[in-house]
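The exercises below are to be worked through with the sequence and the 3D model side by side. Each task is followed by a solution that goes step by step.

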Amino acid sequence: MIRINQITDKVASYIDNADLDLIQRAYVFSAQAHDGVVRRSGEPYISHPMNVANLLADMQLDEATVAAGLLHDTVEDTDTTVDEIEELFGSDVADIVDGVTKISKMDFESKAIQQAENIRKLILAMAEDIRVLMVKLADRLHNMRTLEFMKPVKQRLIAQETQDIYAPLANRLGLHRVKTELEDLCLKYLKPDVFGQLSEAVSEHRAAGEPYIEKVISLIDDLFKKNSIKGQVHGRTKHLHSIHVKMEQQGLTFDEIFDLIAFRIILKSLKDCYAVLGLIHSLWRPVSGRFKDYISIPKANMYQSLHSTVIGPDGERIEFQIRTEEMNQIAEYGVAAHWQYKEVGKGSKRGKAAGTRDAERYTWLRQIMDWQRELSDPREFMSSLRLEMFQEEVYVFTPNGDIKELPDGATPVDFAYAIHSEVGDKCAGAKVNGRIVPLHSVLKNGDSVEVITNKNRMPSRDWLKFVKTAKARTRIKQYIRTVERDRAIALAKELLEKEGRRLGINVQKAIKEGYFLKLAEGFNCGSVDDLLTQVGFSRFTPRKVLKRLYAVMNGEAYEEPKGKDKESEADAKKKPSSDGLIISGVDNVLVRFASCCTPLPGEPIVGYITRGRGVTVHRIDCHNVKNFEDERLLSVTWEGVEEKPYPAKIKIKCLNKTGMLGKICVMLGELDVNIDSGSFESMVDGTSVLEFTVEVKDLDHLYSALSKVKALKAVQEALRVS
Ligand code: MN
């Protein structure tokens with residue numbers, strides 16, 4: 001069993017003045033918390049966190065991460081709380097332990113294969129701090145190493161989850177060593193037969209290949225000496241998982257895997273890498289198409305190396321990987337290894353931006369290289385490593401446990417539309433983590449979302465204010481357009497019938513008998529409904545349509561409307577815009593202002609679809625509005641209001657003094673308020689009440705005029721009335 005001193009010694013070897021006390025205290029605390037618990041292997045439980053901490057020290061991580069490794073299971077498996085950890089070990093350690101606990105609590109096992117990519121993103125989004133992932137991966141690696149003590153069913157589940165989620169995560173973070181070991185362990189439990197055969201074949205091959213490897217190594221060493229280059233060369237067999245993948249993908253037998261033996265050459269400088277590559281190529285013929293320069297164009301996980309396959313001394317193909325010590329450290333331990341290199345990235349160009357959005361995200365790793373150049377302290381470096389990728393998305397669960405990816409800020413309505421358009425349209429409510437929430441609530445990573453549908457429910461215009469996905473937005477707008485079209489058609493029918501009665505034409509009958517079909521063609525409309533929609537939106541006046549209808553019904557040739565008719569059409573076209581109104585996406589509806597409340601530009605208003613008279617606009621607080629049918633109300637806003645007079649009623653109460661009426665009238669005139677009509681009444685208490693209908697530009701204009709009138713000494717009251 002590992003001793004704590006081994007771990008602290010390791011940390012002291014790569015961090016000057018390391019806070020070893022933190023690690024010691026974490027060890028004592030963890031040992032006490034897990035005291036009496038035994039692992040399936042028969043070892044005391046503390047051996048697991050110790051091994052995890054040791055792996056983290058191998059990766060040369062900071063003290064907080066190593067301490068968090070020791071404590072990582074205390075919150076999940078013992079009475080310990082995150083608050084306690086924070087109090088004793090600080091917020092850094094507590095945050096890491098908290099993050100690891102949150103990920104551990106999620107059950108991905110059964111969903112792993114289908115949902116792997118989304119689960120990986122969810123974990124990345126939840127982790128926020130890269131150290132959380134380091135601890136989680138070290139935890140998983142040790143659990144995989146000790147998987148033999150689990151029941152076979154559990155072994156397969158854990159191995160599958162590791163293969164689908166954790167090995168790719170390790171790869172994304174550039175933890176090559178962790179990744180390859182995880183993959184080989186997965187192979188062992190998922191395909192024990194393949195694993196057995198391969199490991200046997202590899203060890204035979206290795207034994208047989210030993211003299212060959214030594215021969216190549218000595219040739220390379222000679223090359224170094226002759227050219228006074230300092231470097232190391234290792235021969236190694238590929239790891240089992242990658243041999244297996246290659247055999248399966250390319251349909252090759254074990255013997256056909258030509259570059260089974262690869263040589264890794266590690267050098268002092270970038271310049272040496274290219275020099276040695278040239279020397280090898282002059283010694284042995286390179287195989288065309290097998291040279292890759294990952295130094296100029298690093299992989300997304302920051303992997304840098306030169307790869308080349310050549311025809312070796314015995315006519316066999318051998319692969320070389322050539323890199324600097326620093327690149328090798330990164331290849332094995334990923335981004336975590338960076339802090340110790342000050343000269344990082346010199347001479348390396350930024351890689352080509354990858355095509356996909358996700359691939360671009362991973363280039364954040366490369367940015368980290370820039371940051372760390374300014375930081376000499378590993379502690380500072382690690383805490384600056386916040387995971388900023390995937391923070392633009394949120395990952396939530398369906399009731400079945402599937403994961404949906406939504407943009408940050410998405411709501412249950414977005415979620416409902418992501419499930420299915422029908423679910424979105426009928427979305428009446430939502431439960432998040434079992435609790436009913438408003439439809440505009442913002443979803444968080446890991447939320448479980450359930451949509452409550454109601455077959456009578458319809459998409460609401462209000463949803464447009466908070467939905468984040470294009471799909472939801474498009475569907476809601478589409479629905480509103482249909483509804484508005486239906487409204488326009490109903491309105492058109494009413495208008496036509498009313499006008500028809502005046503002219504003695506039975507419009508309903510004319511529609512039934514198909515006359516409108518002919519009429520629609522004449523108006524260049526594709527269908528009767530199209531024509532009616534145009535009438536509802538006031539593009540054609542009912543009068544004009546009926547005139548033509550009359551002609552069609554009587555078999556007369558159609559006459560171009562002239563004079564007056566043209567004028568009224570132009571009038572109808574112009575009118576709505578001159579009213580300065582935007583009516584909820586509907587263009588050109590006949591609009592009138594209600595005389596009951598005379599709304600002014602700037603105040604809250606609402607539209608009401610009247611029967612046969614277009615839309616009437618009321619003040620939102622008008623006493624008539626509350627009696628209206630809800631489905632006939634339209635939202636209306638003022639926009640681009642033209643400078644034109646709007647009527648308003650006002651009431652002024654003043655002392656009945658000589659010249660008062662004249663004074664007030666003159667004042668209003670000076671304020672540009674035109675008096676349309678008015679009444680004047682003297683009261684018994686010696687006051688007068690004046691009631692005027694005036695014309696003003698807008699609400700501000702009215703109120704400023706009223707306040708100036710009110711400022712007159714004799715005036716007691718100056719109010720707007722409705
Ligand atoms: Mn653990």
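**Exercise 1. State which residues of helix α10 are buried, and what they pack against.**

Solution. Taking buried to mean under 20% relative accessible area, with exposed over 50% and partly exposed in between (1.4 Å probe, protein chains only), one finds that Val 178, Lys 179, Thr 180, Leu 182, Glu 183, Asp 184, Leu 185, Cys 186, Leu 187 and Tyr 189 of α10 are buried. Next, contact (heavy atoms within 4.5 Å) shows that the buried residues of α10 pack against α8, α9 (152-172), α11 (192-226) and α12 (240-250). Helices (H or I, at least four residues) and strands (E, at least two) are DSSP runs, numbered from the N terminus.

The model is predicted: local features need pLDDT of at least 70 and side-chain atom pairs count only at pLDDT 80 or more, whereas totals for chains, interfaces and linings use all residues. Residues are numbered from 1 along each chain as its sequence is written, and side-chain values use heavy atoms, with hydrogens and water left out.

**Exercise 2. Identify the residues that touch the most other members of the largest nonpolar core.**

Solution. A nonpolar core is a set of buried Ala, Val, Leu, Ile, Met, Phe, Trp, Tyr and Cys residues joined through side-chain atoms within 4.5 Å. The largest has 67 residues, of which Ile 7, Val 93 and Met 144 touch the most other members. Helix α8 (residues 130-145) gives this core its largest share, nine residues. Leaving out residues up to four places away in sequence, Val 93 touches Leu 22, Ala 64, Ala 67, Ala 68, Leu 71 and Ile 85.

**Exercise 3. Describe the open sheet of three strands and the helix that packs on it.**

Solution. The strand order is β9-β8-β10, with antiparallel pairing, where two strands pair if DSSP finds at least two bridges between them. Because β9 (435-437) and β10 (449-453) stand at the edges with a single partner strand each, one side of each is left without a neighbour in the sheet. Strand β8 (residues 427-432) is joined to β9 by three bridges, and Val 432 has Arg 435 in β9 as its bridge partner. Helix α18 (residues 412-419) touches β8, β9 and β10.

Definitions and conventions
Axes are lines fitted to C-alpha atoms, for helices over the stretch in contact, and angles run from 0 to 180 degrees between N-to-C directions.
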